[in-house]
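Subject: Structure handover

Hello,

Here is the structure we spoke about. Please open it alongside this email. My notes follow below.

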Amino acid sequence: MDGNLLPLIALRPGQRGRIVTMNVGRGKARRLMELGLLPGEVVEVISNSVGPVVLRVRGMTLALGRNVASRVWVEVIP
Amino acid sequence: MSEVLVALAGSPNVGKSTLFNRITGGDVHVANWPGVTLQRAEGKTEHHGIALRIIDLPGTYSLSAQDIGEKIAREFIVEEKPDVIVIVVDATSLEKSLYFAVMALELYRKAVIALNMIDAAEKRGIHIDTEGLESKLGVPVVPVSALKGIGLGVLLDRILDVVQGRARTCPLRVDYNGLETFIHEVEGLLRDKGALDKYPSRWAAVRLLEGDEVLLDELKKENPELARKVHSIRERARIELGEDPERIAISSRYSLIDEIVSSTVTRVRLAAPTLSEKLDQLMLHPVAGPVASVLLILFTFFLIFAVNTGFPLNILLDHMGYNELAALVEEYSLSGILGSLFDWLSSALSEWLTSMGYEDWLVGLVSDGIIGSIGTLASFIPLLLMAYVFLGAMQDSGLFPRAAVSLDNLFRRFGLSGRAFFPAALGMGCSVAAVVSTRAMDDDRERMVAAMASPLIPCQARLLVLLALASAAFTNPLEQSALTVSVYLLSFVLYLLTSKLLNKFVFKVEYAPDLVMELPPYHRPSLRVIWWYARSNTEHFVKKAGLLIFFLGVTTWFLLNFGPTGYLSQGDISMSYAAILGNLLTPVTSLIGLPDWRYALAFEVGFVAKEGLLITFSSITGAADPVEALRSIGITPLKAVSMALAMNYYVPCLATVAALFSELRIGKYVLLTVAIEIALALLLAGTAYWVGILMGLS
């Protein structure tokens, strides 16, 4: 898992990653986890350009602001 | 058996409103939850002779009491102890929507699961073993399609089965792994002391370990010593398990959901790329997305304006040389038809009452005061209804959240997130709705900023005033539309700029909050839901504003027709109470080039409701058509521009001020909002007027 740990904002559309850690405040972390963004969960990036990162997790499409998305670290699944 | 109390609960976007609407058949009473402006819908139905009262709880992802919606839902379940909760889940994505169900079933066992959108799931090759799901969850599970009305009878049967004890329900038990020993410990303590006894003890223990602040506060009040003990157990758990108890709890619930889904859901084929994905390629495109969102809103309001007022279709046609067609469009627009109807009614009534020998003042009161104000209210209803139909359709179809995402990047520059798009869009309907919609924002500062800035967006009432001013003062249709469009554009710019300044100088924060938002799948909007949304919102308005507008019309009429000398029969209106009141404000209106008590009075009345401006002019002149009324008091193009700017910003209407107060709960901020608007109005209208004078305009 070392080496290809990246923040979500570094993923291209179509790339998938497994969440490793989230470096956000407590309240925000609870919100994200309750939406299914838990460590171990696989996410797929749908769109990632200038605005929020749009991804799919547990069958749900979720928009994450770039700041939050830069604090969610994933292990890229090749 | 007496009335059965049913609570309808579930996450957002699972079709809860559609189901609510189906079950109650639209027999719905809309009010607010106590103390907040969050809408509370309540309906009734009957099944096998038993009356059911159904409460629609706020749609939330969880029951952690993190935001007001979650607090309300949880308090309702715990305090009101409904006879049964119907938990709505989305059959097309159980892995997501079961989270709320698990949270709810841990708290309350008298429940039925409505497995909604079962038709869509089957179409996509998703099969769900209902009986398997029932045995895993411990409550009845009923496949339904709220949209198509499938399975509703069975759902009602099962609701009664639970209420009357024919269906056994057992509490759901989540295996919290390492956390279990700590749960037992806390649960034991709670039981010993009888603390938090209105909650199931296991549920309370789990929530306390997760750090539920509302519950911790409650325990602190009940038994401070116990609260300290629980806190130290939580810290011990964190150290011994090497992980946040909260994360363990949430993961454990999701593990249970994974296990349930893998044993009850089978997918027979993979879904082909859906319309959703294709549309998203457009809406989420960095350039095309924002453009499409803005065009969508513009097109929507173009349509509403056109049907209601003929604008801007009449102007376009006129410009292309089809003058007769343009006049026709204007005449047969809804407000055109309603306007002539009430004009005719007013003069017919006046003639008839005079011929019956009634006194002059009574004839005037009925035909001008009463019929006139009802006419103004009536002309307002179609505009509002249509605005809500379109806004409802965009919300229900899933376009709204995409628009918010695509505009996020622009809004960030002003210290807002894409969520601030919602109040701006709803504000074009009604400022009260805009202020209330800020409730959904999870960042407190953004919520307050957006609420304070949103009344700057012209609502439908102000649109009517604006259109009347433009048509009265300008003959060239191009100039008319230029005035209208510039006020709208200016308002959006002001919305963003005011937000930026509020962020910087009042809240002293400049970073934009981050968006975290679900993008629900697109779907064809349900006509029932939209119609219900539009109707209930319009009804809510008519009930609240109707009496007020009627009262305003009659009061204005009295003020205009009576003075210190009594009834002014052949209307020397300058001797009236109205003139006296108006003159109090003329020193201020002189600053913006309107040194006339009639404008001043209109501004005074307009504070109560902005459409009151038009009522005032109609009452003053006796012309039901506001355009004629404005012309007969001698409006000029420059005065119209000054008035248009002043009218739009000078103060939020009374209902909006009340909504601001109940949302912000800080009087200082409400006063600041009003002060900002007054300053903007004086500044903009004054500048426009005096620059115009310097340029030699009149």
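How many residues of domain 1 of chain B are in contact with domain 2 of chain B? The count is 19 residues of domain 1, and they meet 16 residues of domain 2. Contact here puts the C-beta atoms of two residues, placed from the backbone, within 7 Å.

First, the ground rules. This is a predicted model: local features need pLDDT of at least 70, side-chain atom pairs count only at pLDDT 80 or more, and totals for chains, interfaces and linings use all residues. Residues are numbered from 1 along each chain as its sequence is written, while chains are lettered from A and ligands numbered from 1 in the order in which they are written.

**Domains of chain B**

Chain B splits into domain 1 (4-163), domain 2 (177-267) and domain 3 (288-510 + 574-694). These bounds come from an automatic or database domain assignment. The C-alpha centres of domains 1 and 2 of chain B are 25 Å apart.

On the side of domain 1 that touches domain 2, two or more residues come from each of α2 (68-80), α3 (94-107), β7 (126-128) and α5 (130-137) of chain B. Helices (H or I, at least four residues) and strands (E, at least two) are DSSP runs, numbered from the N terminus. α3(B) gives the largest share, seven residues. By class, this side of domain 1 has ten nonpolar, four polar and five charged residues. Nonpolar covers Ala, Val, Leu, Ile, Met, Phe, Trp, Tyr, Cys and Pro; charged covers Asp, Glu, Lys and Arg; the others, Gly among them, are polar.

**Chain A against chain B**

Here 25 residues of chain A are in contact with 27 of chain B. On the chain A side, α1 (26-34), β3 (42-47), β5 (60-64) and α2 (66-69) each supply at least two residues. That side has 13 nonpolar, eight polar and four charged residues.

β5(A) pairs with β10 (residues 516-518) of chain B in the antiparallel sense, over three bridges. Strands pair if DSSP finds at least two bridges between them. A:Leu64 stands opposite B:Val516 in β10(B).

**Chain B overall**

Chain B has 31 helices and twelve strands. Its C-alpha trace spans about 85 × 55 × 55 Å along the principal axes. Of the contacts in chain B with a separation of 6 or more, 70% join residues 24 or more positions apart.

Best wishes
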